[in-house]
Amino acid sequence: MTAAEPESESGPLHVRGTVLTVRRVDAYHAITIVAPGIAARFKPGQFVAVAVGGPDTSMLLRRAFSIHDVRPDHGGTVEFVFAVHGRGTRWLAERRARDVLDLTGPLGRPFPVPRDPVSCLLVGGGYGSAPLFALADRLRERRCSVDFLLGAASGDRVFGALTARRTGRSATITTVDGSLGVRGIVTDMLGQVIHEARTDVIYACGPMAMLRQVTALARRYDIPVQVAVEESMACGIGVCMTCVLPVVGTDGITRMVRTCVDGPVFRGERVRWDDVGTIPFDAFGAPGWEPRPRRLPRSAAGDPPGEPGAGQEATGQATNGYAAGQAGAGPAETGLAGPGAAGMNSRKAERQEGRQQRRQAAGPGPGQPGPRQGPKAVSQPRQQGNQGRRQGHGA
Amino acid sequence: MAPDLRTRLGNVELPNPILTASGCASSGRELAQFIDVSKIGAIVTKSVMLAPRAGRPTPRMAETNSGMLNSIGLQGPGIDAFLQRDLPWLLSRGARAVVSIAGSTVDEYAELAARLSDAAGVTAVEVNISCPNVEHRGQVFACDTADAGSVIEAVKARTRYDIPVFAKLSPDVTDIVAIARSCVSAGADGLSMINTLLGMAIDTESMRPVLAGLTGGLSGPAIRPVAVRCIWQVREALPDVPIIGMGGVMTGRDALELILAGASMVSVGTAIFHDPSACARILRELDEELARRNIARLSEVVGLAHEMRATARSRTGIP
């Protein structure tokens, strides 16, 4: 470890970890690294940022990968899954046991977990399903039921289909070519699965287009949805401002927030999916945006985060998070206590009052303004068809 | 014995010459998870503007060989939030704060300088007159001797007497020495160089520019020779003006290279994206590089390459 004294017990670490195994899993690669500190601090939904190319590499930017699993062997191991689609991931795929990797983590806000035993649907696209299995374990610890809905272009690209079938209360698989499960895409089956599983909460991870559709459908069924988004990152720790996307805050203001520290998990309806790749004209600090007096520091209800650049505010720190000793606290704990989880619990209460009533109780949770359907940005170039260029979780 | 790394930033003494580069460390808070921010020379903040700013659309970044292009567009919360939150935090951690400021007009720069002068604890002001990701690309203040001078003059007039003002220069100019002279005549206490070079990348699959903002600033080891050249030229022309050198410093050796060219402080930028502990590591490596050469004081090697040239010249008899 090259870092000085870590500031807190839950913050990220910068370590050199020894590769235990690199193996092919259908169309993907899974790499397991001995990294005890990261394994100990990990919460489902968090990621690691990996330096690629070795010493004196010409590839300067870290690659971010959702953590798939942590295990206690060798003091603590971390595993992530990736697809080779660039120089960096090719280099990673060529690693062998006992090679050393430089990684930082665990990074980002984890999935909030409900306090009560509710019915959870986990939706994954491609290897976006990788972080969902650790989440499933955590949910089952809380006596939640877990259903899986996984999809990909073809059978060899559905990551974890077997695990999902073995461990899920139900597992629905979709493939575009029909080589595994139902022919189609996950959103074709979402409505049916929600009805059959009596879903209370949806968790989703995968391509942005899928997350956008899952969010839209979840809204139709009035089910809270937590999404782990893919945005290309450079540093993974919140300093480069590369991975921003427009997200509506609890105060109703849209901000360009950093996926790496304010995400990667967001409430689906707070992400302005239509405006990803633009600066919406009404975003905080957009051209022509009118500065107005703001109360600082903001309240503790930090989902999503405070304004860009305010690292710790983003994690929902208590009001005076600027005092020494608090600012280093990582996102992990606070993420769990965030309104995302609270929102789910209120849903649970509603559910117990009967599903019909829940349907009528449409709209935002307590103290949360409705999702903003802002007009599209007009002053910025619209980036259509970005998906192919986005690195997602590592390239 | 460990070399004496102390250096002077204007009239302020820093314990060592390793700084963060503006825009690569936010306001230091994120880095504090990995390094002790009070142990490095200073934190140079991301450029602060008067009003909050959302920046440019994504994609904002493209990796290139030994470099990267960024097109962030100065996203930030504005001076109010900075003074209320970020500056007090830096001071509470015992860090020295060099505040980078950016504006669209001369008046904006001047007002920012005044606001910072009213706040306690600002170690120095770095005037970013060279960010390529602004509305009028290629027409940044640092590309014109008169414009650069007028910004520095205005900032200097509104900055408290004991806060040094550094002008951050762009390498994308015909004659960087002329810009440097203009800034120094306008009152700059020192110069920071270099900012990123304007660059562009095109995705050959989609056949479209990679960055939403089309062009971006190139940084990383790819540009280090440009930084060495700029620092060299300015040091040659203005040997008494302190220089904060930056541009692709990844190791202590790289930092020493900029110091030999004439920098008395070195900012670490893109390296932080690669290694969040980079500043602490580079400081340690610089210390080792000096110790290995039996150099007792950092000040002995600042600009030393110039003297070596003079020595070599006299030795060979070539004028």
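Me: Before I look at single residues, what makes a residue count as buried here?
Reply: A residue is buried if 20 or more other C-beta atoms lie within 10 Å of its own. Keep in mind that this is a predicted model.

Me: OK, take S26(B). Buried or exposed?
Reply: S26(B) has 27 C-beta neighbours inside 10 Å, so it counts as buried.

Me: Where does S26(B) sit?
Reply: In chain B, in the loop between β3 (18–20) and β4.

Me: What is phi there?
Reply: Phi of S26(B) is near 50°. That is a positive value in a residue other than glycine. Most residues other than glycine have a negative phi.

Me: And N294(B), what is its phi?
Reply: Near 55°, again positive in a residue that is not glycine. N294(B) belongs to the loop between α8 and α9 (304–316) of chain B.

Me: Is N294(B) buried or exposed?
Reply: Exposed, because N294(B) has 8 C-beta neighbours inside 10 Å.

Me: Switching to the backbone. Which residues does the cis bond with omega near 0° join?
Reply: T58(B) and P59(B). P59(B) is in the chain B loop between β4 (43–44) and β5 (61–64).

Me: What about M193(B) and I194(B)?
Reply: The peptide bond joining them is cis too, with omega about 15°. I194(B) is in the loop between β10 (190–193) and β11 (197–200) of chain B. Most peptide bonds are trans.

Me: Now helix packing. How do α2(B) and α3(B) meet?
Reply: Helix α2 (residues 106–118) and helix α3 (residues 145–158) of chain B cross at roughly 25°. Their axes come within 8 Å. The two helices are therefore roughly parallel to each other. The crossing is right-handed.

Me: Which residues make that contact?
Reply: From α2(B): V106(B), Y109(B), A110(B), A113(B), A114(B) and S117(B). From α3(B): S150(B), V151(B), A154(B), V155(B), A157(B) and R158(B). By class, nine are nonpolar, two polar and one charged.

Me: Next, α4(B) and α5(B). What angle?
Reply: Helix α4 (residues 176–185) and helix α5 (residues 224–237) of chain B cross at roughly 55°, and their axes come within 9 Å. That makes α4(B) oblique to α5(B). α4(B) passes α5(B) in a right-handed crossing.

Me: Who touches whom?
Reply: α4(B) brings I176(B), V177(B), A180(B) and R181(B). α5(B) brings C230(B), Q233(B), V234(B) and A237(B). The contact has six nonpolar residues, one polar and one charged.

Me: And how do α6(B) and α8(B) cross?
Reply: At roughly 65°, with the axes of α6 (residues 252–261) and α8 (residues 278–292) of chain B coming within 7 Å. That makes α6(B) roughly perpendicular to α8(B). This crossing is right-handed.

Me: Which residues are in it?
Reply: G252(B), R253(B), A255(B) and L256(B) come from α6(B). I282(B), E285(B), L286(B), E288(B) and E289(B) come from α8(B). The classes are four nonpolar, one polar and four charged.

Me: Over to chain A. How many helices and strands?
Reply: Chain A has ten helices and 15 strands. Of its 395 residues, 56% are buried.

Me: What is the mean pLDDT of chain A?
Reply: It is 77, and 71% of the residues reach 70 or more.

Me: Where does pLDDT stay under 50?
Reply: Over residues 293–395 of chain A, where the model has 224 contacts beyond four places in sequence. Residues 1–7 of chain A also stay under 50, with 21 such contacts.

Terms used
Residues numbered from 1 in each chain as written. Chains lettered and ligands numbered in written order. Predicted model: local features only at pLDDT ≥ 70, side-chain atom pairs only at ≥ 80, totals over all residues. Axes fitted to C-alpha atoms, helices over the stretch in contact; angles between N-to-C directions. Helix = DSSP H or I, 4+ residues; strand = E, 2+ residues; numbered from the N terminus. Parallel < 35°, antiparallel > 145°, perpendicular 65-115°, else oblique. Left-handed = near helix turned anticlockwise from the far one by under 90°. Contact = placed C-beta atoms within 7 Å. Nonpolar A, V, L, I, M, F, W, Y, C, P; charged D, E, K, R; others polar. Buried ≥ 20, exposed ≤ 12 C-beta atoms within 10 Å, placed from the backbone. pLDDT = per-residue confidence, 0-100.
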